[in-house]
Amino acid sequence: MTHLYLIRHGEAVANIKPIVAGMRGDAGLTPRGIAQAERLRDRLATSGEIKADVLISSTLPRARQTAEIIQPALGLPIMFDDEVQELRVGEADGMSNQEAWDRFGVPDFDRYPLRPLAPGGESWGDFTLRVSRALTRITTEYEGKTIVVVCHGGVIDCSFIHFFRMPSLVVPPTDFYTRNTSITWWEQVERRNRRLWRLNAYNDIAHLQGVGAVESVRWEDTHPASPVPTEE
């Protein structure tokens, strides 16, 4: 059966600034992010727990750098794939969160899931469709293999929507908390005379003891919510 391991990148400079980071704004990993990726590399090299056939990485620098650090433990060439990038931010790329929100408005995918983050960027609906297509393509092309994809929190969030067949044009009524360099493990199994996807692990960060697993700054934490008006 097919095994799909999704690994989030290490802590990124853009996570702590915070910067809206597409290809232009992504300055790669922080020193702690590098240490996190090195811990994951050492864990995988020592345990041999992932016997990968394929290693794929997002092309954004924070994911690319993470993949390059763990690559020796897997002993595979890295195949870079634009389609497992984080949500594309368009003209907001490289701006601070506050600059982008002042210019384009605060992102509100709950109310406006089909509104792009900024001109030239993706909406929530665009993003979930792209990730779903990428996961279908990758797991079909490498069916029966063990696949590692170094990607982003949003991509891992979308994997739940994809494999659990949740509505994709609305933001789920749940809050994912995907940690840096965490492992999410999906396995395809035979059940009821058909193939189904089973979640074996989420947020596996056993390797981060002593390094730190501070949550990245999220968009909603950089702009206080407007108070709900009281009724007269």
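**Close-up 1. Glu86 and its surroundings in the predicted model.** Glu86 is located in the loop that runs between strand E3 (78-81) and helix H4 (97-104); helices (H or I, at least four residues) and strands (E, at least two) are DSSP runs, numbered from the N terminus. Contacts of Glu86, not counting residues up to four places away in sequence, include Leu60, Arg62, Glu122, Phe127, Arg130 and His152, where contact means heavy atoms within 4.5 Å. This is a predicted model, in which local features need pLDDT of at least 70 and side-chain atom pairs count only at pLDDT 80 or more, while totals for chains, interfaces and linings use all residues. Residues are numbered from 1 along each chain as its sequence is written, and side-chain values use heavy atoms, with hydrogens and water left out.

**Close-up 2. The annotated pair His9 and Glu86.** An unreviewed UniProt entry assigns the feature "active site" to His9 and Glu86; UniProt positions follow the numbering used here, feature names are shortened, and annotations may be inferred rather than shown by experiment.

Close-up 3. His9 occupies the loop between strand E1 (3-8) and helix H1 (13-16). His9 is buried, with a relative accessible area of 2% (buried means under 20% relative accessible area, exposed over 50%, partly exposed in between; 1.4 Å probe, protein chains only). The side chains of His9 and Arg62 make a polar contact (3.4 Å), that is, a pair of N or O atoms within 3.5 Å; within protein, one must be able to donate a hydrogen and the other to accept it, and residues adjacent in sequence count only if both atoms are side-chain atoms.

**Close-up 4. The salt bridge between Arg195 and Glu143.** The closest N and O atoms of Arg195 and Glu143 are 2.3 Å apart in a salt bridge, defined as a side-chain nitrogen of Lys or Arg within 4 Å of a carboxyl oxygen of Asp or Glu. Arg195 belongs to strand E6 (residues 194-204) and Glu143 to the loop between helix H5 (124-141) and strand E4 (146-151), so the pair ties together parts that are 52 residues apart in sequence.

**Close-up 5. Salt bridges around Arg43.** A network of salt bridges links Arg43, Glu49 and Asp204. Within the Arg43 and Glu49 salt bridge, the closest N and O atoms are 2.8 Å apart. Arg43 is buried, at 15% relative accessible area, whereas Glu49 is partly exposed, at 36%.
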